[in-house]
Each structure stands twice: as C-alpha cells, then as structure tokens.
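Open the model in your viewer and keep the selection tool at hand. We will go stop by stop.

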Amino acid sequence: MNFLKLLGKALAVCSSLLILLLIIATILLHSGKSLINRDNLSDYIKSAEIMNMDVNLIFNLEESGITLEEKIYNLGIDSNIPQEIVDDILKSEEINFILGDFFSKTIDYLVNGENKPQLSLDAVNKMIDIANESLDNHINIMLEKEELKEYVFNYCNKLIEIVPDSQQMFGNLPISSIRSFLNFKSIYLYIAIAFLFLVMVVGTWSIYKPLKYFSIAMIISGVLFVLLGSMNSLISNLIISNIESMKALAAPFITILLTIWFKIGVLVSFSGVFLLIIYVVVNRIIINNFKIR
C-alpha cells in the first residue's frame, strides 16, 4: 500500500514538472504569436518611431540614408497622389494601423514563404477614407474621388514591392524553426496539460490533491516570466549583441515582448496562488470532516 502511495506521488511530481515545462512553452507560444498581430505591431510602430528609421535597417535594402517615412512618401508621390494628401495620410493616427497590418502580413509572408503580402481590405479602406477626407479639405485639388481611389490602390501595391524575399531580410536566421514555432497549434499543449492533470488524479487517487501540484507549477512559471519581464536591460543587451545591425529595430520589439511576459507572468502566478488557496481550503474542510467522524 505504501509502495502504491509512493508511486502515485512520484507520478504526480513528474507530471507537475512536465506541466511546468508545458506552461512555459504555452506562454512562449502565446506571447510570440500575440507580439506579431496587427494591433501589437501598430503599437510597436508608434512607440518605436519606426517611421524615422533607415529603411535599410528594416528591410535590409541597399538604399540606406532614406527613412521609412521618406520611402513611403515617395511611393505615394510616384502613385500620382497629390503631395498634400500624402502628407495627411502620413500624419494621421490611422497610419500606425495601416503599417501594423502591412508588417503583420509581411512577417507572415517572410516566415511562411507564401505569396507577397497584401494589405487587408479594412486597412486599404482606411487609407481611402483618409485620402478622401484630405481631398475634401483641399478644395484646390482638382481630382475625382474615383480617380484618387485608383491611385491609393496603386499606392498599396507599390508598398508591397518594397518587401524583399525572406533570405535577403533574415539572412542566416533559422527561418524553419521560427516557422515551426509560430505555426504550432497551442491546443496540443492544452491537451497535454489536461492529460497530465488526469495522470495526477490517478496517481493521487484524488480530484483536489492535483491542484497543489498544478498550482505550484503555475506559480513557478509565472514568477519566472515576471523576473524575465523585469530584466529588460540585461536581456536586450544580450540579444542585441548578436544582431547589432538590427539594434534600432529590435530594441523596442524586445521591450514589448518582455512587457507581455511580465503581464502573463503576473496573471499565471496569481492564478496559481488562487488554485493553491482553493486546495488548502478544500483540504482543510476534508480534514476537519474526518476528525469529526
């Protein structure tokens, strides 16, 4: 009997360690995917002032000395959009949303090797709305809205043309590993965690006792990411030292990632504490009932 209890406890401990690793993997996967969605990229573009960065740093192009803002401004002029309207587009708040959509699609293209990215319809419509509003404000510009709409569509196509192929932009970075990571389905991790929890239920022959092991795994993983999220300077210097050429581009990106880790870490660790409290309360109730009997 003692052997079975010892075996059950060993199963619970091993399952808890595996759950700890799976929770860490889940946090990494979730933070990585959320980092490159359109909304977070829009915030990144705004906070990093990416419009003022050298376009060569962003796309590894052979035309350093021109900023991203100057590049997309020239593309607007080349698309026959009047200068005043191009200025209004670049000054608008919506430009961060539009570029967030652009870079989100670009990353998907560079990682997955699909067709060249296209701006989503809502991003294109936002640009058309800004252009039309600007046209209404500049009554001296003699241009029909349908004609302006055609120019904006042409402008969007020209934006896509500045995106290089993945090999040119990423160089020797392990694209296949990045692709596997970003395309991995998180549902598999949740299924594995649920399975290991059932193993703990069988090992401890209890429904509530596995909460103790599960909560400890959550607290440890949560605290780990809270600590990592608090080490912005150290981690930034460590990573940037290996990609010095992309320092200006990578530094704000790392800061946003570490912020995501910190927030998730706080949530996971507090959730673990909550589950541990539930276990303690339930365990105390059961012990008291046993003593009464």
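**Stop one: the cysteines**

Select Cys156. This cysteine is buried, with a relative accessible area of 5%. Bear in mind that you are looking at a predicted model.

Now select Cys14. Cys14 is partly exposed, at a relative accessible area of 46%. A disulfide is a covalent bond between the sulfur atoms of two cysteines. How many disulfides are there? The count is zero.

**Stop two: the whole chain**

Select the protein chain and switch to cartoon view. It shows 14 helices and zero strands. Follow it along the sequence and the pattern reads α-α-α-α-α-α-α-α-α-α-α-α-α-α.

Then show the surface. The accessible surface of the chain is about 16,700 Å², and 62% of that belongs to carbon and sulfur atoms. Of the 293 residues, 43% count as buried.

**Stop three: helix α5**

Select residues 83-91, which make up helix α5. Which residues of α5 are buried? They are Ile85, Val86, Ile89 and Leu90. Now look down the axis of α5. The buried residues fall within an arc of 135°, so they line one face of the helix.

**Stop four: a patch on the surface**

Select Phe184, Ile187, Tyr188, Tyr190 and Ile191. Together they form a nonpolar patch on the surface.

Terms used: Residues numbered from 1 in each chain as written. Predicted model: local features only at pLDDT ≥ 70, side-chain atom pairs only at ≥ 80, totals over all residues. Heavy atoms only, no water. Buried < 20%, exposed > 50% of the residue type's maximum accessible area, 1.4 Å probe, protein only. Helix = DSSP H or I, 4+ residues; strand = E, 2+ residues; numbered from the N terminus. Arc of directions from axis to C-beta. Patch = residues over 30% accessible without salt bridge, like charges linked within 9 Å, V, L, I, M, F, W, Y side chains within 5 Å. Areas by Shrake-Rupley, 256 points an atom, 1.4 Å probe, with all protein chains shown as cover. Salt bridge = Lys/Arg side-chain N within 4 Å of Asp/Glu carboxyl O. Disulfide = S-S within 2.5 Å.
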